[in-house]
Amino acid sequence: MSAMLPDWLTHRARALPRVTAISSGRRRGLSYAALYEYAVRQANALAEAGAAPGERVAAIAGTSRDFVIAMHATSLTDAIFVPLNVRLTAAELAEQLRNCEPAVVLCDKAREALATEAAALAGAPAPRRLPLPPVAEEAALVDAHDEDNCHSIVYTSGTAGNAKGVMLTYGNFWASASASALNLGLDPSDRWLACLPLHHVGGLSIPIRSAIYGTAVELHAQFVPEAVNRAVRHTDITLLSVVPTMLRRMLNADDRPFDGALRAVLVGGGPVPAVLLERATARGLPVVQTYGLTEACSQVTTLAPLEAMSHLGSAGRALLSADVRVDAPAGEAGEILIRGPAVTPGYYRDPEATARAFADGWLQTGDIGLLDGDGFLTVLDRRDDVIVSGGENVYPAEVEAALLAYPGIEGAAVVGLPDEEWGQRVVAAVVSQLPVELARVEPLLRSRLAGYKIPAAIERFDALPATSSGKVQRRFVREQMAERLATLPTSH
């Protein structure tokens, strides 16, 4: 039998009414009591608009207090929250709206036109702007949830095709938050800075975990490295979650040390180059690498703070919320498989995709990694991104890390292009303010990489195509590199 979990916001409003729940910039922070009061008002309005247990409430809105209030209000009605990526086109959003069939569509002022077009294309209800106006009638709100009930549907970023709606239950979030606290520790004075987009599980999990813990979340409407650096140095931020691109931009924004109250900077969203971790550590940022995915409520493995320097480059050991193994003989690279209470029950209205994703109860992540004898995981790359050249496996992240060690290269994406002789040839797209020539970079690369891993060509880009969570979209890089290098001679 499944267990009942208390509604997190309701419990915190009763137990910790005066504790700060949310702060954002210069606006006065909201206590848990105030946050609950706002959420109840919005829940009553949502219920009148059609939100009911099991119905979907879609949100096309940026990071804000209103967004977080809407999420909690949806829980109070026992409906399912569906945060959508505001960087998508109306047609892309319409595809996801058709999949989830929301009873209510929410938006903010800045995305009202986008939401209106997307809803019209999908045949969904016309969007309602946040915050919803108050209503007179009080709805029957809930104060507890079955752990197996779906809390939210989070669409994957779709780097390899159409996005799928990942169902995340109350039990999933509870297990993930509990395991994270056991690894990082929990301080009642914690303040977690949320600068990842809230439609991404890495961002969404921050206000959810904070409500479970009874701690504070600091909201930034968007990632601005200078603003994050100021917050880290001059406020009481103790925890921060970023992807490698964001960490690099923080370090490039200035050259001053970081000497604030931070006790951990979680860096995830893909393999993290060791040179980037070393730079951050040298500047005083307590970085801990983490590996996670939407299907597991974000974190799966995370370094413990005391292990960060002794296992630089590792994504840590499995948290209590997940079992992790690698589908390969001991000591060899293979696909990362996971299972446990934080793992999704499946994809919304897509039983075929769910069946393909699971084998004997293990979620097949599509990521490639290595497990050492002590259980530390090193993430190498996405399975679909591995380049096979002349029968040898080339992991793009390894080549990218070597490129990023070259002075002036700020970003790198390595892909494979078809090659008649070798099957695939390795090529690289880099972001640099200075000219980058293969002849100049090659000596450094050869000191770090085997010859078959050296790119046959390097092209300079103004920016690399990326998802809103900062993950490089290699399929677009591959297309653009193919166009540029259509006449490139083969080599190895």
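How many aromatic pairs does a search of the whole structure find? The search finds two.

## Basis of the model

This is a predicted model, in which local features need pLDDT of at least 70, side-chain atom pairs count only at pLDDT 80 or more, and totals for chains, interfaces and linings use all residues. Residues are numbered from 1 along each chain as its sequence is written, and side-chain values use heavy atoms, with hydrogens and water left out.

## Aromatic pairs

Rings of Phe, Tyr and Trp (its six-membered ring) pair if their centres lie within 6.5 Å; planes under 30 degrees apart count as stacked, over 60 as edge-to-face and the rest as tilted. W8 and Y170 form a tilted pair, 5.5 Å centre to centre with 50° between the planes. This pair links distant parts of the chain, as W8 in helix α1 and Y170 in helix α6 are 162 residues apart. Helices (H or I, at least four residues) and strands (E, at least two) are DSSP runs, numbered from the N terminus. Both W8 and Y170 are buried, where buried means under 20% relative accessible area, exposed over 50% and partly exposed in between (1.4 Å probe, protein chains only).

F67 and F81 form an edge-to-face pair, 5.4 Å centre to centre with 85° between the planes. F67 lies in helix α3 and F81 in strand β5 (residues 80-83), so the pair ties together parts that are 14 residues apart in sequence. F67 and F81 are buried.

In helix α1 (residues 8-15), the buried residues are W8, L9, T10, R12 and A13. Among the elements that cover them are β1 (4-6), α2 (32-49) and α6 (170-184).

Conventions:
Contact means heavy atoms within 4.5 Å.
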